[in-house]
Amino acid sequence: MPEERARRRTGAGVGLLLTLALAAVLLTALPRHHDGEGGGTCTARTVRSWSNDTKLTNSFAAYGDDESRTDDWTGGDGTHSVRLPDGRMLWLFSDTYLGQVHGPPNPVGESYAWRDTTAPLVRNSAVVMRDGKPRLTLPAPLFPDPAPNEWRWPVAARVEPRSPGSAESVVRVLLWTRTAGQYPWIYGVPTATEVATLSLPDLRVESIVKVFDQQLVQDPSRRVQFGTTVVAAGGWTYVFGGNDAQAAARPTSSAYVARVPEGRLGEPGAWEYWDGSVWTARAGPSPVLGDGRRTGVGSAFSVVRDDGTYVLFTMAAGSRGLTTVTSYWACSPTGPWHGPTGSFSPPLPQGQVAAYNPQVHTAWGGDGRIVLSYDVNWLDATAYSAALNLSRNVSLYRPRFVTLRLGPPPR
């Protein structure tokens with residue numbers, strides 16, 4: 001019996017040793033990459049699985065459909081979020097419908113909740129969430145128009161010290177300033193990137209500072225706006241942006257990146273831009289992703305850092321960009337970016353609709369999960385006709401959410 005127990009122990013030990021050895025071989029077999037500025041190594045990452053996040057999607061649907069409120073958020077796009085120090089979530093939206101929602105049927109007899117066509121439409125809004133549910137719409141628009149025929153769209157946001165080393169925190173919100181334009185610039189001409197400072201805990205707008213002016217760039221399709229997504233790493237806040245080449249009928253736009261020392265987003269002089277070789281304070285960035293045809297980004301995209309690898313989510317190039325999210329990966333914010341890979345097509349409601357603006361919400365992830373939202377809009381030849389369809393079915397113009405899991409690409 002002692003000899004048998006010894007053999008069992010030896011067998012168990014050999015089995016564990018073989019398991020560890022096999023794991024080491026598998027880890028060694030995963031290709032490691034050493035790319036770009038910053039000198040990090042990483043492994044390729046792609047979307048391995050995804051599923052609908054109906055709980056988060058339904059929370060905004062329920063909030064928007066609440067008939068007891070007459071002046072709150074009922075739908076919007078440009079979905080971004082940031083967790084506040086007290087646990088609340090601040091959700092930021094671009095063009096937003098306010099007013100009251102009416103239960104079905106709508107005026108043409110369809111079984112949709114609807115809003116009146118005279119309902120207010122504002123250029124931006126903010127919704128405060130507590131305990132996983134939207135609770136309050138801040139007075140809208142939160143960020144006033146800078147001038148007649150100009151407006152501000154909020155994009156990424158971060159909580160950071162009021163100044164480096166300060167014990168007091170504030171919220172910094174990146175803003176895109178747009179100016180009314182003619183076709184094809186029906187959604188406005190890119191004008192500048194600004195940073196707003198919001199006080200805590202009351203979320204009052206204290207100041208708005210212009211950090212990147214593009215008015216002197218003659219070709220609107222070459223104007224860059226920063227802030228579609230931000231990633232903190234190594235004492236820096238990396239701020240990604242893009243141009244609007246797609247408005248000029250190109251299949252894809254290009255991605256750019258700037259960096260700011262953590263805690264200094266609101267200081268224009270602290271910004272540096274990647275010019276293709278080095279970081280520079282001169283405002284002449286070069287693209288880090290996009291050949292204008294097969295590779296590139298939509299007008300809005302998102303980047304997350306997963307186990308040392310930067311993963312970028314965007315709508316796919318060409319006609320697939322109306323329905324399909326794809327991804328790229330890199331070891332550094334400056335690239336080189338590899339892909340596209342890991343494409344998937346999230347569910348869309350019926351009708352002439354399109355998905356856009358995939359955004360990661362890091363406060364909702366964890367345990368290997370990444371929560372990503374996408375916006376939905378009606379495709380039509382005129383803005384007036386599109387607005388009619390969005391009003392007859394209020395469920396269209398609201399964020400939808402999916403949960404992703406990343407991993408190495410299949411071999």
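A: Let us begin with charged pairs, for which a salt bridge is taken to be a side-chain nitrogen of Lys or Arg within 4 Å of a carboxyl oxygen of Asp or Glu. Please keep in mind throughout that this is a predicted model. Side chains of opposite charge can pair when their charged atoms come close. In this structure, glutamate 206 forms such a salt bridge with arginine 162, and the closest N and O atoms are 2.9 Å apart. Because glutamate 206 belongs to strand β16 (residues 205-213) while arginine 162 sits in the loop between β13 and β14 (169-179), the pair ties together parts that are 44 residues apart in sequence.

Q: With which other residue does glutamate 206 form a salt bridge, and into which network do salt bridges that share partners join these residues?

A: Glutamate 206 also forms a salt bridge with arginine 204, where the closest N and O atoms are 3.8 Å apart. Salt bridges that share partners join Arg162, Glu168, Asp202, Arg204 and Glu206 into one network.

Q: How many salt bridges does the structure hold, and are arginine 152 and glutamate 194 buried or exposed?

A: The structure holds 16 salt bridges, and one of them is the pair in which the side chains of arginine 152 and glutamate 194 meet, at 2.5 Å from N to O. This pair links distant parts of the chain, since arginine 152 is in strand β13 (residues 150-161) and glutamate 194 is in strand β15 (residues 189-198), 42 residues apart. The word buried is used under 20% relative accessible area. Arginine 152 is therefore buried, with a relative accessible area of 9%, and glutamate 194 is likewise buried, with a value of 6%.

Q: Let us turn to covalent links. Which cysteines does a disulfide join, and why does the pair tie together parts that are apart in sequence?

A: The structure holds one disulfide, which joins cysteine 42 to cysteine 331 with an S to S distance of 2.1 Å. The pair ties together parts that are 289 residues apart in sequence, because cysteine 42 lies in strand β2 (residues 41-43) and cysteine 331 in the loop between β24 (325-330) and β25 (338-344). The torsion about the S-S bond is about -80°, so this disulfide is left-handed. Cysteine 42 and cysteine 331 are both buried.

Q: How should I read the backbone angles, and where are the cis peptide bonds?

A: The general idea is that most residues other than glycine have a negative phi, and most peptide bonds are trans. Here, a cis peptide bond joins alanine 140 and proline 141, with omega about 0°, and proline 141 lies in the loop between β12 and β13. The peptide bond from glycine 339 to proline 340 is also cis, with omega near 5°, and proline 340 is found in strand β25.

Q: What is phi near for aspartate 131 and for asparagine 357, and is each residue buried or exposed?

A: For aspartate 131, phi is near 55°, a positive value in a residue other than glycine, and for asparagine 357 phi is near 55° as well. Aspartate 131 lies in the loop between β11 (125-130) and β12 and counts as exposed, at 73% relative accessibility. Asparagine 357, by contrast, has its place in strand β26 (residues 353-360) and is buried, with a relative accessible area of 6%.

Q: Finally, which residues gather in a patch of positive charge on the surface, and which make a nonpolar surface patch?

A: The patch of positive charge on the surface gathers Lys55, Arg130, Lys133 and Arg135. Of these, arginine 135 lies in strand β12 (residues 133-137) and is partly exposed, with a relative accessible area of 39%. The nonpolar surface patch, of about 440 Å², is made by Tyr183, Ile186 and Tyr187. Tyrosine 183 is found in the loop between β14 and β15, and at 72% relative accessibility this tyrosine counts as exposed.

Note on methods. Residues numbered from 1 in each chain as written. Predicted model: local features only at pLDDT ≥ 70, side-chain atom pairs only at ≥ 80, totals over all residues. Heavy atoms only, no water. Patch = residues over 30% accessible without salt bridge, like charges linked within 9 Å, V, L, I, M, F, W, Y side chains within 5 Å. Areas by Shrake-Rupley, 256 points an atom, 1.4 Å probe, with all protein chains shown as cover. Lys, Arg positive; Asp, Glu negative; His and termini not counted. Charge placed at Lys NZ, Arg CZ, Asp CG, Glu CD. Helix = DSSP H or I, 4+ residues; strand = E, 2+ residues; numbered from the N terminus. Buried < 20%, exposed > 50% of the residue type's maximum accessible area, 1.4 Å probe, protein only. Disulfide = S-S within 2.5 Å.
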